[in-house]
Amino acid sequence: MELRLRNTLGTVKADHFDFPGHPVECGLHVHLVKFDVLAADGSCSGWNYLSGASSPEAVPKDTFTAPNVSLHRWVVDEEFGTCFFHDHLLANFRQKRGLFAALIAEPNGTRWLLPNQQTPAWAGSQAVVVPRGPDARGTSRDAGIVEPFREAGLALGDYVPLNRPGNDLPPQHFPLRDDYDYPPGDDPLNEPTLLGGDDDPGVMGVNYRCAPMRYRGKDPSEWFSSSRPALKPERFGPDPWPSAGDAEHPVLDAREGHLSPPLPVPAKHRGDPDTPVIHTYPGEHLRIRLFQGSHEEQHSFMLNGMRWRKDWHNPRSPLVNQQTLGISEAFTLDINPPETAADRTERQGSPYGVGDHLWQFTVMDDLWLGCWGLIRSHQPNAQNFRELPPLQHSTRAVTRMDREFGRAAGPTEEELTEDLKKFKDRQSKGFLPARPPHTADEPHPTVREYVVVAQRHEHPYAGHALTDPWGLIYRTAEEALPEITANGTATGNLRAAGVSTTDEPLVLRAHPGEWLKITLINEVLLPKQNIPGQDFATADPHLPDFGPEVSPPRLPVEHRDELGRPDRRTVSPRVSLHPSLLLYDVVSDDGSYTGLNHDSTVAALKPTEDDAPVHLGHDAVPDPVVQRADHGAGHRDPNWREYWWYADPALAEGSPGEDASHGRTCYLFDMGDIRNHRHHGLIGAVVIEPKDLTPVDPHDENREQWTGPHVHLRGRTRMEIACETEDGTTLCHPEEERTVAQEFVLFLQDGLRHFLHGDIDQPLPDISPSDPPVDVGQKAISYRSPLTPHPHPLRLPNATASVQEAEAQLPIWWRLVCAGDKPRNHTFTVHNFVWDLAPWIRQDKKAGPQAGAVTAISAGFAQDLVAKPDGYWDPGDHAYRSGSFRWAVAQGMWGILRIQDKEH
């Protein structure tokens with residue numbers, strides 16, 4: 001590649017965020033590809049040449065040549081996928097302001113078209129990549145792919161120096177600077193206290209766009225919706241937070257003339273976010289090119305209802321739907337490529353259906369600042385095919401070309417009709433197997449049914465010393481019973497009976513090939529007394545009113561009171577269960593209210609006038625608990641709903657004797673109010689166990705146990721023993737019923753708020769209150785934050801420490817989930833233990849790297865770690881913990897794994 005960079009940048013005046021930007025050179029510094037480091041590095045390193053274009057301000061006007069133009073040559077010798085490049089000569093100033101980009105190294109022998117599949121796509125964030133057709137003689141040409149795929153790029157930037165009109169900033173605790181003139185009406189968002197200081201300034205965006213939650217309405221359950229009631233014309237108007245002296249800010253969705261990317265794609269819906277909406281059809285092969293252009297923070301990308309292989313070139317690697325990334329990192333997320341199953345049949349590895357799939361940078365700081373958007377999988381029909389041709393059309397040989405512009409011919413009506421028929425034939429099979437008939441009286445063997453109830457619960461993070469009085473928890477129940485009024489009529493609500501009393505995170509289990517039918521009951525708001533004749537849970541009088549807690553972990557650009565505490569929060573009493581990795585209909589079973597999908601959150605019980613919750617902690621918000629007026633709270637929605645999720649065989653392939661047979665952990669969390677409920681405890685997991693293994697009670701292996709974070713796994717496995725025959729000794733492989741492993745599910749948590757002895761007037765302060773929001777709140781593992789005395793933090797006895805007991809002879813399977821809220825990454829280690837870092841490499845090469853720590857753990861992360869003893873584990877107490885002592889272990893992110901002596 002040969003690139004010419006023309007530098008038109010001059011001096012940039014000082015602003016709220018930076019000193020003046022000087023008129024210096026600008027370069028193109030690229031990652032991954034080859035180049036001459038002496039002259040084409042786009043930087044100024046060592047004794048190399050300064051390879052960049054000069055600023056026109058620094059060049060005499062009578063110069064004969066054009067010194068503000070630089071030449072760069074790159075050699076693309078591999079299909080790298082996403083190659084990040086940026087300015088490296090004034091990176092600290094320019095990069096956060098947008099000077100970063102990506103080069104996509106496509107498969108060899110392919111053509112690249114815009115989504116209309118007519119115009120060559122030399123640049124742009126969405127494209128269709130197609131194999132080349134035959135040459136002029138009709139001879140087929142080699143191509144790196146057989147079938148076409150869609151492609152979309154998402155570029156994240158943080159420390160973005162944005163401004164907004166009006167004056168709606170939190171109170172400033174430092175004097176205004178007088179070293180430059182403030183632009184009139186200019187309000188900086190999250191400006192640093194000092195120019196050049198070490199704050200975390202600015203905000204965040206994706207592809208130079210953001211959709212902040214502040215402008216999505218007061219109801220957190222509706223933030224991701226494009227058809228939410230707040231979009232009704234009569235609801236348009238002032239900012240949801242009017243206050244004295246503030247200008248009125250119209251809700252962004254109400255403004256006409258929404259900016260859409262200059263791409264030939266279907267128009268956005270009125271309520272869609274300003275961030276990218278990626279367009280596709282059900283089951284089409286899609287590649288997301290993901291990279292971070294600026295500037296410092298770590299981020300976590302997740303995708304609802306879609307997944308990809310962790311190593312996108314290796315179909316043996318596990319399926320994931322989360323990716324941790326930092327500055328300059330780039331990834332290719334290969335969604336639903338053609339795969340070959342274990343039985344050598346062709347299959348779709350990660351199929352998906354019609355609907356709006358939420359892509360999100362899932363830590364709460366990023367979501368609050370608007371780093372989310374949609375992948376819209378359109379319903380195939382003739383009108384949509386005209387606006388967005390399907391990929392099937394791309395497979396035909398393109399023979400009619402406009403030679404002058406190089407444009408392919410558009411599809412004819414006959415081709416559209418043929419493609420629609422192909423799509424309908426394909427959809428008739430569906431990406432999900434047929435849902436089996438299943439009733440309580442006649443259960444189906446492939447349906448595993450659970451009743452889950454969301455309740456309030458004061459989490460004893462360190463016994464009674466540190467608790468969360470506003471805590472929430474998912475619990476299993478034996479059955480769901482209809483609520484009956486005093487006169488014998490049904491209210492339409494369900495109440496949970498036989499509720500588990502556990503105070504551990506929810507863990508459910510299933511086998512591959514099974515459907516999960518989950519009945520979720522919302523008991524977050526409960527009456528003070530029961531209906532006569534019924535015996536269900538009632539409101540706990542010792543808990544504070546439902547609502548935002550005192551001093552919640554703060555977010556960037558959030559209004560705060562004079563003590564620096566967030567004071568304008570609202571919460572929703574709606575709850576949900578959102579699954580990762582499982583297959584389901586995203587329109588109805590996503591556990592969220594996203595895009596144009598149905599609302600799959602669950603309303604609370606209708607409060608009576610006496611039971612109406614009024615929280616007194618936020619004086620600035622008269623009604624902090626948002627009850628929808630149009631539906632919910634007993635008007636139209638009941639307090640329960642059913643979710644149907646499918647655990648497909650790809651999540652737990654192989655038999656127990658193979659390394660591929662450890663199953664997969666699927667993270668569960670609430671999206672009814674993602675800002676409030678997740679950090680209060682509405683988290684869980686579904687573990688897909690290998691098909692021939694059964695989870696049993698560790699204390700009674702004759703009893704099956706399909707819930708809970710600690711189980712043993714039993715099954716019939718093949719043994720290898722020496723057998724005596726007439727011909728001598730040979731190896732035999734009999735099957736034997738035995739215990740294969742012991743399993744522990746651990747949840748890493750951050751962004752919590754503990755209260756001393758449960759006193760709502762004594763929130764535990766942050767380690768350093770002046771630190772940016774990235775580090776605020778406390779931390780825990782599975783609802784536990786043991787007190788950590790100095791100078792011997794892990795020493796026992798410690799009445800608040802969590803102790804997990806394990807047997808000496810069994811392999812240990814750790815199911816590790818990060819149910820966090822904050823951007824700061826974590827590590828995880830267990831003293832004296834190692835595991836395969838990439839088991840799929842060992843499967844291919846019979847060897848692989850091992851490690852005793854997991855890194856880059858961020859919100860939504862899930863990984864399965866398998867440790868095998870060399871005979872027996874060493875008896876004693878082994879610490880499991882975060883790798884960060886000051887910021888995590890000292891706050892209770894640790895526990896004890898106790899290995900019993902083999903003789904016991």
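User: How many salt bridges does a search of the whole structure find?

Analyst: This is a predicted model: local features need pLDDT of at least 70, side-chain atom pairs count only at pLDDT 80 or more, and totals for chains, interfaces and linings use all residues. Residues are numbered from 1 along each chain as its sequence is written, and side-chain values use heavy atoms, leaving out hydrogens and water. A salt bridge puts a side-chain nitrogen of Lys or Arg within 4 Å of a carboxyl oxygen of Asp or Glu. Searching the whole structure for salt bridges gives 40.

User: How many residues apart in sequence are the parts that Glu 2 and Arg 73 tie together?

Analyst: Glu 2 and Arg 73 form a salt bridge, with their closest N and O atoms 2.8 Å apart. Glu 2 belongs to strand β1 (residues 2–6) and Arg 73 to strand β3. Helices (H or I, at least four residues) and strands (E, at least two) are DSSP runs, numbered from the N terminus. The parts tied together by the pair are therefore separated in sequence by 71 residues.

User: Is Glu 2 buried, partly exposed or exposed?

Analyst: Buried means under 20% relative accessible area, exposed over 50%, and partly exposed in between (1.4 Å probe, protein chains only). Glu 2 has a relative accessible area of 40%, so the residue is partly exposed.

User: Which loop holds Asp 18?

Analyst: Asp 18 forms a salt bridge with Arg 97, at 2.8 Å between the closest N and O atoms. Arg 97 is in the loop between α1 (91–94) and β5, and the pair ties together parts 79 residues apart in sequence. Asp 18 itself lies in the loop between β1 and β2.

User: Which ring has Arg 97 over its face?

Analyst: Arg 97 is partly exposed at 33% relative accessibility, whereas its salt-bridge partner Asp 18 is buried at 12%. A charge sits over a ring if NZ of Lys or CZ of Arg is within 6 Å of the ring centre and within 35 degrees of the ring normal. Arg 97 lies 4.5 Å from the ring centre of Phe 93.

User: Over which ring does the charged end of Arg 678 sit?

Analyst: Arg 678 places its charged end over a ring, 5.6 Å from the centre. That ring belongs to Phe 669.

User: What is the relative accessibility of Asp 697?

Analyst: Asp 697 meets Arg 703 in a salt bridge, at 2.6 Å from N to O. Arg 703 is partly exposed, with a relative accessible area of 43%. Asp 697 counts as buried because its relative accessibility is 10%.

User: Which residues do salt bridges that share partners join into one network?

Analyst: Side chains of opposite charge can pair when their charged atoms come close. Here, salt bridges with shared partners build one network. Its members are Arg 509, Arg 664, Glu 689, Glu 743, Arg 815 and Asp 864.

User: How many aromatic pairs does a search of the whole structure find?

Analyst: Rings of Phe, Tyr and Trp (its six-membered ring) pair if their centres lie within 6.5 Å; planes under 30 degrees apart count as stacked, over 60 as edge-to-face and the rest as tilted. The search of the whole structure for aromatic pairs gives 20.

User: What is the angle between the planes of Phe 100 and Tyr 208?

Analyst: Phe 100 and Tyr 208 form a tilted pair, 6.1 Å centre to centre. The angle between their planes is 50°.

User: How many residues apart in sequence are the parts tied together by Phe 100 and Tyr 208?

Analyst: Phe 100 lies in strand β5 (residues 100–105). Tyr 208 lies in the loop between β11 (203–206) and β12 (277–280). The pair therefore ties together parts whose separation in sequence is 108 residues.

User: Is the pair of Phe 100 and Phe 291 stacked, tilted or edge-to-face?

Analyst: The ring centres of Phe 100 and Phe 291 are 6.4 Å apart. Their planes meet at 85°, so the pair is edge-to-face.

User: Which strand holds Phe 291?

Analyst: Phe 100 in strand β5 and Phe 291 are 191 residues apart, and their pair links distant parts of the chain. Both Phe 100 and Phe 291 are buried. Phe 291 lies in strand β13 (residues 286–294).
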